Amino acid sequence: MDRNTFLEADEKLSQTIYRAFYTGSVINRKEYMISQAQFVESKTYLEIRQHEDHYNQLYRHLGYELIHDEEGEFFSIKSIAERESEDTVFDETSLKIIAILTLISRIMTQRGQPLAFLSEPVQGITGNDIAALADDETTIAIIKTLKLKTPIDALEFIKKRGFAFRISQSRYVLSKGAMTMIDTLIEREKELSSSVN
């Protein structure tokens with residue numbers, strides 16, 4: 001007789017995980033806690049890791065594949081119907097996230113600042129960075145094309161999806177998953193550049 005994994009999983013955490021995935025968010029291994037002014041282990045991430053077989057089966061029954069990005073240290077889900085090819089066209093949310101991360105990275109590199117600062121709570125994305133984004137006409141045009149109004153709207157968009165954390169009124173920090181995505185974008189750009197030359 002098969003064991004009932006629903007009895008082993010935490011019901012409240014499972015509901016929290018479902019709501020996060022339902023709204024297009026990822027589950028990060030670490031979350032920024034303003035009250036502690038540091039990153040802490042995520043209870044929802046640990047819940048999935050402890051009962052990974054349960055969550056794999058649960059989301060498979062709902063038509064999704066549970067994806068663990070070990071380098072970015074996050075979980076996400078992907079529709080099984082979208083798995084037809086590795087070159088699946090990104091959905092609108094994914095394209096927005098990539099575009100926003102690209103805009104943020106561009107501002108940092110234009111200033112000569114290391115991209116690693118984006119994930120450090122003492123630096124992150126500062127009020128000056130937000131102002132620089134707002135002052136750049138190309139950036140604002142791209143943000144409006146993404147159906148967002150301001151750089152703050154863009155940052156809140158990626159925050160709601162687990163790719164950024166708000167540190168203070170005017171400071172954000174990117175998650176490890178966001179930094180991994182930026183690294184991947186840079187590597188792909190290098191590959192494209194080298195194949196053209």
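The buried residues of helix H2 pack against helix H1 (11-22), S1, S2, H3, S4 and S5. Here, helices (H or I, at least four residues) and strands (E, at least two) are DSSP runs numbered from the N terminus, and contact means heavy atoms within 4.5 Å. The model is predicted, so that local features need pLDDT of at least 70 and side-chain atom pairs count only at pLDDT 80 or more, whereas totals for chains, interfaces and linings use all residues. Residues are numbered from 1 along each chain as its sequence is written, and side-chain values use heavy atoms, with hydrogens and water left out.

The predictor's confidence in each residue is expressed as pLDDT, from 0 to 100. For the protein chain the mean pLDDT is 89, and 93% of the residues reach 70 or more. Among the elements of the chain, the highest mean pLDDT, 96, belongs to helix H7 (residues 151-160), and the lowest, 86, to helix H8 (residues 176-196).

Helix H2 spans residues 43-50, and its residues Thr44, Tyr45, Glu47 and Ile48 are buried. Seen down the axis of H2, these buried residues fall within an arc of 160°, so they line one face of the helix; the arc is that of the directions from the helix axis to the C-beta atoms. In accessibility terms, buried means under 20% relative accessible area, exposed over 50%, and partly exposed in between (1.4 Å probe, protein chains only). Lys43 and Gln50, on the other side of H2, are exposed. An α-helix has 3.6 residues a turn, so residues three or four places apart point the same way.

Strands S1, S5 and S4 form, in that order, an open sheet with antiparallel pairing. S1 and S4 are the edge strands, each pairing on one side only. Two strands are taken to pair if DSSP finds at least two bridges between them; S4 and S5 are joined in the antiparallel sense over six bridges. The bridge partner of Asp69 is Phe74, in S5. Helix H3 (residues 52-61) lies across S4 and S5 and runs at about 140° to S4. For this angle, axes are lines fitted to C-alpha atoms, for helices over the stretch in contact, and angles run from 0 to 180 degrees between N-to-C directions.

The structure holds 12 salt bridges, a salt bridge being a side-chain nitrogen of Lys or Arg within 4 Å of a carboxyl oxygen of Asp or Glu. Side chains of opposite charge can pair when their charged atoms come close. One of the salt bridges joins the side chains of Arg29 and Glu73 (2.9 Å, N to O). Arg29 lies in the loop between strand S1 (27-28) and strand S2 (30-33), and Glu73 in the loop between strand S4 (64-69) and strand S5 (74-79), so the pair ties together parts that are 44 residues apart in sequence. Arg29 is partly exposed, at a relative accessible area of 24%, whereas Glu73 counts as buried at 18%. The phi of Glu73 is near 55°, a positive value in a residue other than glycine.

A salt bridge is also formed between the side chains of Glu41 and Lys30 (3.7 Å, N to O). This pair links distant parts of the chain, with Glu41 in strand S3 (residues 38-41) and Lys30 in strand S2, 11 residues apart. Glu41 is partly exposed at 35% relative accessibility, and Lys30 is partly exposed at 33%.

In the salt bridge between Asp129 and Arg111, the closest N and O atoms are 2.4 Å apart. Asp129 belongs to helix H5 (residues 127-135) and Arg111 to the loop between helix H4 (92-110) and H5, and this pair links distant parts of the chain, 18 residues apart. Asp129 is buried, with a relative accessible area of 2%, while Arg111 is partly exposed, with 38%. Through salt bridges that share partners, Arg29, Lys30, Glu41, Glu73 and Lys176 are joined into one network.

Two further loop residues complete the description. Ala37, in the loop between S2 and S3, has a positive phi of about 55° although it is not a glycine. Ala37 counts as exposed at 52% relative accessibility. Arg161 is located in the loop between H7 and strand S6 (164-168) and counts as buried at 15% relative accessibility. Leaving aside neighbours within four places in sequence, Arg161 is in contact with Thr23, Gly24, Ser25, Val26, Thr93 and Ile97.
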